[in-house]
Amino acid sequence: MPTTGQEIYIQVVRTLSLTERLRLATLILNELSQPNLAVVEPSDTWTEEDCLDVTTFSLQ
């Protein structure tokens, strides 16, 4: 039985047809986009300074 996301992908998802993989991706993304899902930690978000740093770096 696969235990990691990569193992599940290799052993299960990769064997599905393209249509079924797209359907699975849609189900996963729809579930993750639910408004009552509170899994984003404040430490996982970008600060204003982070955004400024990335913008400055990308413009160089």
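Trainee: How many helices and strands does the protein have?

Mentor: In this predicted model, the protein has three helices and zero strands. Read from the N terminus, the order of the elements is α-α-α.

Trainee: Which elements have the lowest and the highest mean pLDDT?

Mentor: Begin with the overall confidence. The average pLDDT of the protein is 84, and 85% of the residues score at least 70. Among the elements, helix H1 (residues 5-11) has the highest mean, 91, whereas H3 has the lowest, 87.

Trainee: How should the geometry of helix H3 be checked against its number of residues?

Mentor: One compares an expected span with the distance between the end C-alpha atoms. Helix H3 covers residues 48-59, and its 12 residues, at 1.5 Å a residue, should span 16 Å. The end C-alpha atoms of H3 are 17 Å apart, which agrees with that expectation.

Trainee: Does H3 lie largely in the open or is it buried, and why?

Mentor: The criterion here is relative accessible area, with buried meaning under 20%. Of the 12 residues of H3, zero are buried, so the helix lies largely in the open. For the protein of 60 residues, buried residues make up 2%. The accessible surface comes to about 5700 Å², and carbon and sulfur atoms account for 60% of that surface.

Trainee: Which residues make a nonpolar surface patch?

Mentor: Ile-28, Leu-29 and Leu-32 make such a patch, of about 300 Å². Take Leu-29 as the example: this residue lies in helix H2, which comprises residues 18-32. Since exposed means over 50% relative accessible area, Leu-29 counts as exposed because its value is 55%.

Trainee: How many salt bridges does a search of the whole structure find?

Mentor: The search finds one salt bridge. Its partners are Glu-20 and Arg-23, whose closest N and O atoms are 2.4 Å apart.

Trainee: Where do Glu-20 and Arg-23 lie?

Mentor: An α-helix has 3.6 residues a turn, so residues three or four places apart point the same way. In this case, Glu-20 and Arg-23 both belong to helix H2 and are three residues apart, about one turn of the helix. Glu-20 is partly exposed, at 34% relative accessibility, and Arg-23 is also partly exposed, at 46%.

Note on methods. Residues numbered from 1 in each chain as written. Predicted model: local features only at pLDDT ≥ 70, side-chain atom pairs only at ≥ 80, totals over all residues. Heavy atoms only, no water. Helix = DSSP H or I, 4+ residues; strand = E, 2+ residues; numbered from the N terminus. Buried < 20%, exposed > 50% of the residue type's maximum accessible area, 1.4 Å probe, protein only. Areas by Shrake-Rupley, 256 points an atom, 1.4 Å probe, with all protein chains shown as cover. Patch = residues over 30% accessible without salt bridge, like charges linked within 9 Å, V, L, I, M, F, W, Y side chains within 5 Å. Salt bridge = Lys/Arg side-chain N within 4 Å of Asp/Glu carboxyl O. Expected span 1.5 Å × (residues − 1). pLDDT = per-residue confidence, 0-100.
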